[in-house]
2 protein chains.
Amino acid sequence: MREKNRTETVIAAVRTRIASGSLARGERLPSIRRLASQHGFSPSTIAEAYDRLVAEGMIHARPGSGYFVAGGTLAGAAPNTKRDHAVDPFWVSRQALEADPSIMQPGCGWLPESWMPLPALRHALRAMSREEGVLLTGYGPARGSLSLRQLLTRRWAEDQLHVAPEQILLTSSGTQAVDLVCRLMLSPGDTVLVDDPCYFNFRALLAVHRVRVIGVPCLADGPDLDAFARLLRQEAPRLYLTNSGLQNPVGCTITLHKAHEILSLAKAHGVTIIEDDIFADFAPRPFASLAPLDGLNRVIRIGSFSKTLSASLRCGYIAASSEMIERLGDLLIATGFAGVSPVAAEIVKHVLTGGSYRRHMEALHCRLAQARKEGAAQLGSLGIKPVIMPEGGFSLWCEMPAGCDVTDLARNALEEGIVLAPGAVFSVSGETSRFMRFNVAQMAENNIIGQLAVLLGRSASSG
Amino acid sequence: MREKNRTETVIAAVRTRIASGSLARGERLPSIRRLASQHGFSPSTIAEAYDRLVAEGMIHARPGSGYFVAGGTLAGAAPNTKRDHAVDPFWVSRQALEADPSIMQPGCGWLPESWMPLPALRHALRAMSREEGVLLTGYGPARGSLSLRQLLTRRWAEDQLHVAPEQILLTSSGTQAVDLVCRLMLSPGDTVLVDDPCYFNFRALLAVHRVRVIGVPCLADGPDLDAFARLLRQEAPRLYLTNSGLQNPVGCTITLHKAHEILSLAKAHGVTIIEDDIFADFAPRPFASLAPLDGLNRVIRIGSFSKTLSASLRCGYIAASSEMIERLGDLLIATGFAGVSPVAAEIVKHVLTGGSYRRHMEALHCRLAQARKEGAAQLGSLGIKPVIMPEGGFSLWCEMPAGCDVTDLARNALEEGIVLAPGAVFSVSGETSRFMRFNVAQMAENNIIGQLAVLLGRSASSG
């Protein structure tokens, strides 16, 4: 490892410990000598890392007593509050977002930067620098870039979803899209169905809305129809929030028949469905999604470009009936004034219409298929078994070896600078605590299998 | 006027009528001949404009029967719903955001694009195209760019507000910042104080939170202290939402003594203050703001870079106690996953740290001082009187001539492609219906005084 990389490794480790709260504000850092022996690096490497963290304002040096995490004694700062480190639905987001880029993140929900369409993004940024002033400085239209909305209508028409641009509201993320719909439709105490397991942040989002959340078991071919029908009868839910394709975290895709049944049941019980289409572009071939079957009568399609194009641009969308979009648009003005950045929407459009994007996605499908195969084999060698082999995407939902305390494993991994995604955070029922979601693209970039084996061994022996 | 400009004028006028709803979906447009005679343009100009609107999908041509507004007959579109055109708090936002850039907007709350720091923005975009991949594709840290937060702490320290970077949460706008604080602190039925008049979108935002909103009369030197004290006693508000400097729409700046009194009263009654600092950079000299007086104990500072740097980038902030920022950060993850775009935050930082921004702002102060002087003189010639002459910024809050029906005037102006800001939308009490807010920078760019004179004459004669 080069000297520079060593320093960065130390900086990343300290940052992660501060972000995760294992080093609290005002707490003393390990001495230079101690950390040097722990990492097997020279004291000068540690000193260099500490100096840079001091320059960044992350830590303070107090001559004679050592280095301390900043914040505890700064003017205006609140008293030293030790963060609650429950492995709750926020756990993965918090660790993954706060982690240094050099931290290994087999638990995170995005691709490594080198797998993203970077040349097209760089080209689009240069093109933007020559754009009209109003695009670079103005608020843009209330529903977001008309040209991006028109492009979406054309793309969706290829999959038999016919919508007008006025039926689309651009947002700053898929999460904001779901939140806006929830703000419009839900009152505290309402019941909402989600898949079990589901994307952990749906749980955090629905908690903000103070609604009852009930899980529909997710099978290998989509939601459990019997359970869905029973819950509709017994619980009178207002909304069902689901991924039809490459469900997060299971990776399953709904069958055409099931899609039809789900829609018929929802119609019979007056339930609205939010279909989160965020992983659609990862499907190598089109799948049965609810929106085109329904024609956006009771299905609301939401999604974003964060997974395949760029999360940094913050661009998502809602497609629904014109009337609902009109009301959601007013809600967006009131609560954010404008949704997506006009220049970001233009960059998204630029990349999507450039010839390179389709080629990029085709190459990505192949690369991911290979990574899924290799990842499954590596995990299998540790006794970690994928529940299904998804048709696309980067996630493997896996059953962990018997005797493994998954939450404990995730906590121990974090101490070593590895962010994992323990099954419990994905589940309303809590019945997935023996599972974990693995990101095969992150695994391919960082050889974590060796470290995972050590951690598993430790977790088994301590359990 | 050149041929191209004529065509664009027609396109803009049709777009505005569609956006405002005065031409509904499915409605027939005026014939080419009729519109040509109305505008005094040639029929070929109108035909060219209609052709371009057809190409954009805004209107349809039906051979033999004319041109129709699109949307009414598209698959999946909702039935033709005629929009309620109440002059409500949404009115100005909706018209101003939906307007074509060529529409004249003396009522809007932003500068013309040519007054914005465009060269610095273009330079920053080019620099971004060479940035690290993770910045261009990743979610970035949960609280937003650390380097922008560090920069803000240094800028604010110059004005004696000392905060740590961890006390700042970057958001996608000032509006989102206020919304997040309201989501954390308010329950339906709570009471919130605002200035009367205040920024109209505060009213729309607070309506979403279903709280009681009561106005504190805004005088020439800030809020009416007696009324503020009485409302604190009688109404037990939870929050007070205000601009201390260059108040929107009045343009007044609070005195140091008043700031101290407001803060003492708020403390005595346990009220939290959201201080919207969005116009701070327009003040040619520092003013007494509440945040540094208080040290962010009960004052929450929010703001954005939309007015002086770029609204397109969508970058705002909240500064508060570390504990509150921690809770707001979780709320932002749950409801939007990330706030500001990392690449947008980097562009903002790039522009703010570039030497040209300070020079740009100095030149802007002079240009605005001149525009305020000229705007006041022009408005005065029509009997429209600014209530005070603000020390900075682009807004003049004016009393309209006796006998002028302000709401009627705003509606008529919209039909002519001019967006005005009628006083009623700014007021909780409704006592400002004889006032209007004028944007002197927009007035300087577009010679609207002549058209305003005609509209005023029409409004007086019809009233």
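This is a predicted model: local features need pLDDT of at least 70, side-chain atom pairs count only at pLDDT 80 or more; totals for chains, interfaces and linings use all residues.
Local features need pLDDT of at least 70 and side-chain atom pairs pLDDT 80 or more, while totals for chains, interfaces and linings use all residues. Residues are numbered from 1 along each chain as written, chains are lettered from A in the order written, and side-chain values use heavy atoms, without hydrogens or water.

**Stop 1: the interface.** Select chain A and chain B. Contact (heavy atoms within 4.5 Å) links 84 residues of chain A with 82 residues of chain B. The two chains bury about 6800 Å² between them, 57% of it on carbon and sulfur atoms. Buried area is the accessible area (1.4 Å probe) lost on being put together, summed over both parts.

**Stop 2: a salt bridge.** Select A:Asp179 and B:Arg183. Their side chains form a salt bridge at 2.6 Å, N to O. The rule asks for a Lys or Arg side-chain nitrogen within 4 Å of an Asp or Glu carboxyl oxygen.

**Stop 3: the chain A side.** H13(A) gives the largest share, 9 residues.

**Stop 4: the sheet.** Now select the strands of chain A (DSSP E runs, at least two residues). An open, mixed sheet has 8 strands in the order S3-S10-S9-S8-S7-S4-S5-S6. Strands pair if DSSP finds at least two bridges between them. S3 (168-171) and S6 (222-223) are the edges.

**Stop 5: one strand pair.** Select residues 239-242 (S7) and 272-276 (S8) of chain A; these strands run parallel over 4 bridges. A:Thr242 stands opposite A:Glu275.
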